[in-house]
Amino acid sequence: MQQLLEIMAALRDPEKGCPWDREQTFESISRHTIEEAYEVADTIAHGDMMELKDELGDLLFQVVFYAQMAKEQGDFDFHDVEQAICTKMLRRHPHVFGDVTIGSAEEQTEAWEQLKADERKEKAGEDRHSQMDGVARALPALTRAEKLQKRAAKVGFDWPDRAGVIAKVREELDELERELDGAVSPERVDEEMGDLLFSCVNLARHLGMDAEHSLRGASSKFEERFRSMELLMDEDGTDSHNLSLEEMDAVWERVKEREQRGS
């Protein structure tokens, strides 16, 4: 770890460091951090442990990069980051490092959320506290929607069962269709589209599903089927640019039939 910190300091050295590393800021690096986190998730999805080792190193390097820039500004350094997370983990796990008894993972989740809520209240101090505090705006939209909904549900602002949510999805779809039929402004259509997506996330939550995971799965399935459709068209000696939508849809159905037969 110390060697990595020394490498980072050398890269940022004002005289002998790397020109690219020297000119980076917190803002310019943040998008790279998000990309690295996604690459970690993608590697896990593919089950490649050796690649995961490399990707985790890249993600760790992002933390070291931020810590070095903060050190240069006199705000904090990497050791402060280490101490902060250690202190937080000790505080949030009193059932492991203290005398609190928790009987199940569900109880632990509830206790964890309560501890975080208490921390947010303490941080807010005299300022007004909201259930919505602490939900990062940079999160993927589906994930952020789910977190906001869960926060609202904690104070009872939620549908009692999935029937109400399904009805809400239909209502939002109807509203979107009315806006489209009325040829209103694109802004209104965009707003209604957002409401529909938000309701779909709510339905996934009520079904005990992760909307982000569900959509990723659907996207992967679509990608695989489309690639298979391209292969079938190659086998037939056809070009997608020369096929009608109906003809391509027929090939798509052939792909689905092959999947069902397991071939």
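# Helices, charges and rings

Glu192 and Arg188 sit four residues apart in helix H10, about one turn of the helix. Helices here are DSSP runs of H or I with at least four residues, numbered from the N terminus. This is a predicted model, in which local features need pLDDT of at least 70, side-chain atom pairs count only at pLDDT 80 or more, and totals for chains, interfaces and linings use all residues. Residues are numbered from 1 along each chain as its sequence is written, and side-chain values use heavy atoms, with hydrogens and water left out.

Stay with that pair. Glu192 and Arg188 form a salt bridge, and their closest N and O atoms are 3.2 Å apart. A salt bridge means a side-chain nitrogen of Lys or Arg within 4 Å of a carboxyl oxygen of Asp or Glu. Glu192 counts as buried, because its relative accessibility is 5%. Arg188 is partly exposed at 31%. The cut-offs are under 20% relative accessible area for buried, over 50% for exposed, and partly exposed in between, with a 1.4 Å probe and protein chains only. Shared partners join Glu179, Arg188, Glu191 and Glu192 into one network of salt bridges.

Helix H10 covers residues 186-206, and Gly194 lies in it. Gly194 is partly exposed, at 34% relative accessibility. Glu72 is 122 residues from Gly194 in sequence and 42 Å away in space, C-alpha to C-alpha.

The salt bridge count comes to 15. Lys168 bridges to Glu171, with the closest N and O atoms 3.2 Å apart. These two are three residues apart in helix H9 (residues 162-181), so about one helical turn separates them. Lys168 also meets Glu172 in a salt bridge, at 3.3 Å from N to O. Here the spacing is four residues, again about one turn of helix H9. Glu172 is buried, with a relative accessible area of 6%. Lys168 is partly exposed at 24%, and Glu171 is partly exposed at 36%.

Now turn to the rings. Rings of Phe, Tyr and Trp (its six-membered ring) pair if their centres lie within 6.5 Å; planes under 30 degrees apart are stacked, over 60 edge-to-face, and the rest tilted. The count is four aromatic pairs. In one of them, Phe61 and Phe65 have ring centres 5.9 Å apart and planes at 75°, so the pair is edge-to-face. Both lie in helix H4 (residues 49-73), four residues apart. Phe61 is partly exposed at 23%, while Phe65 is buried at 1%. Phe222 and Trp252 make a tilted pair, 5.4 Å centre to centre, with 40° between the planes. This pair links distant parts of the chain: Phe222 is in helix H11 (residues 211-236) and Trp252 in helix H12 (residues 245-261), 30 residues apart. Trp252 is buried, with a relative accessible area of 16%. Phe222, Phe226 and Trp252 form one aromatic cluster.

Last comes the surface. A patch of negative charge gathers Glu39, Asp42, Asp48, Glu51, Asp54 and Asp58. Patch residues have over 30% relative accessible area and no salt bridge; like charges are joined within 9 Å, and nonpolar side chains (Val, Leu, Ile, Met, Phe, Trp, Tyr) within 5 Å. H4 gives the most to the negative patch, with three residues. Asp48 has its place in the loop between H3 and H4. Met1, Leu60 and Val63 make a nonpolar surface patch of about 230 Å², an area from the Shrake-Rupley method with a 1.4 Å probe. Val63 is found in helix H4.

Key: Lys and Arg count as positive and Asp and Glu as negative; His and the chain ends are not counted. The place of a charge is taken as NZ of Lys, CZ of Arg, CG of Asp or CD of Glu.
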